Amino acid sequence: MPNKIPLGHIDECQICSDKNLETILTFGHQPIVQNYLSAEQRHEPETTYPLNFCLCPICGLAQLDYIIDPQLVFPPHYPYRTGLTDMLIRNFRALADNLEQRYQLKSADLVVDIGCNDGTLLEGFKAKGLRVLGIEPTNAAAVANKKNIPTIQAYFNEDVARQAVSQYGKAKIIVMTNSFAHINNLFAIMRGIKLMLDEDGVFISESQYLLDMMATLELDTIYHEHLRFYSVRPLRELFARSGFSLVNAERIAAAGGSIRAYAMKGQRAESPRIEELIAAEKQAGLYDIAAMRQFAAQMIKAKNDLQMLLLSCKNSGARLAGIGSPGRSNTLLNFAKIDPYLLDYICEKSRSPKIGMFTPGMHIPVVDEKKLFLEQPEYALILSWHIGEEMMQLMRKLGYKGKFIMPLPKARVVDNI
Ligand SMILES: [Zn+2]
């Protein structure tokens, strides 16, 4: 069992250590999606890393075969803030309600969020009178602490787990939303969680779900932060190898389709839903090399169609702007070679720290969304397309009059919204 997954190229499965990883789709070398450049940084070289989407033919885990030092991928100044994303706030409130009711939590119970970002999820638990603790490596920890959400600023590991237990006691609930697919030292993480979790406690992870990702061709969720793309069968394998049981799993709408997994220590009965989900995954071909290559072919076609649509708009003399600059959109921009000659600029909400910067790889300027309403370009490319309907309605309400382009799963122009 691997104790530590090395950095750089890896030649074995992150869960079962099989050495026959198959490359399903390669994106070539890509920059880190959150490495926005300042005007000055554009005069310096830009670092890129291999980005290959692979499948383990034994346990069925979809994964990357290159791991970047987490200090580079999640630096202290990492710009992402949960509290800026309305959809996530709604999901988190629902999760807090759900867990409180399901486990009948009491005021002395401790809830820990690993990778808590600015503490948005824990605010929901705190409002219910529970004790809370966040663990977060980036400066978002300071934002959480300012909101009186006690937060340890650190990359999670067994030492941090011990420190947390000595200060706060064991946790009834440990949550990892989205960061569970991000952390490279998987089995050490599981040991840390085991240390912190009460005997009858529950570890809940939320990760993007491979089944949804393939169904909607979410190729833009493939970037270096996401080391693994979970489906239920490999998740069950992971928990079994770590001394846990996967007791339940459910599909949720968050982040374009996610899987919420519930694990407890030791041997436990599992919900029949787990076998149902595994059957659906098998049916879709998620563990099958040939079926996954067909998904990859569809992703390449989707990319080509998007390029054609943008080129035809541009060649007709239209102006194009992007709406929203989530990190994930840079995979799409770089893979589809959407450069500043195609997309004039990308808009972000006024509070965004990305304004004034340039996207990694393609170097498209990020501007305040006011520019969109002032200049009214003919087309607006929705880069947060997984919440596209919501974005288009909002932009229309705020006064954008042009046409929208939805890039995936099939590039299309949307006029009436
Ligand atoms: Zn494997």
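Residues are numbered from 1 along each chain as its sequence is written. In this predicted model, local features need pLDDT of at least 70 and side-chain atom pairs count only at pLDDT 80 or more, whereas totals for chains, interfaces and linings use all residues.

The chain is divided into domain 1 (82–287) and domain 2 (303–414), with bounds taken from an automatic or database domain assignment. The centres of the two domains, taken over C-alpha atoms, are separated by 31 Å. Contact between them involves 12 residues of domain 1 and 11 residues of domain 2, two residues being in contact if their C-beta atoms, placed from the backbone, lie within 7 Å.

The UniProt feature "domain: Methyltransferase putative zinc binding" covers residues 13–74, a stretch that is 6% helix and 34% strand, with its end C-alpha atoms 23 Å apart. Helices (H or I, at least four residues) and strands (E, at least two) are DSSP runs, numbered from the N terminus. The UniProt feature "domain: C-methyltransferase" is placed at residues 255–409; over these residues the chain is 41% helix and 17% strand, and the end C-alpha atoms are 15 Å apart.

An open sheet of six strands has the order β16-β15-β14-β17-β18-β19, with mixed pairing; two strands pair if DSSP finds at least two bridges between them. Strands β16 (366–368) and β19 (412–414) are the edge strands, each pairing on one side only. From one strand to the next the twist averages 35°. Strands β17 (residues 379–382) and β18 (residues 403–406) run parallel and are joined by three bridges; Tyr379 has Lys403 in β18 as its bridge partner. Helix α13 (residues 388–398) packs on the sheet, where it touches β14 (320–323), β17, β18 and β19, and its direction makes about 145° with that of β17. Axes are lines fitted to C-alpha atoms, for helices over the stretch in contact, and angles run from 0 to 180 degrees between N-to-C directions.

In helix α6 (residues 186–196), the buried residues are Leu186, Ile189, Gly192, Ile193 and Met196; a residue is buried if 20 or more other C-beta atoms lie within 10 Å of its own. These residues lie on the same side of α6 because they cover an arc of only 115° around the axis, the arc being that of the directions from the helix axis to the C-beta atoms. The elements covering them include β6 (110–114), α5 (158–168), β9 (171–177) and β10 (197–208).

Terms used. Buried ≥ 20, exposed ≤ 12 C-beta atoms within 10 Å, placed from the backbone. UniProt positions renumbered as here; feature names shortened; annotations may be inferred.
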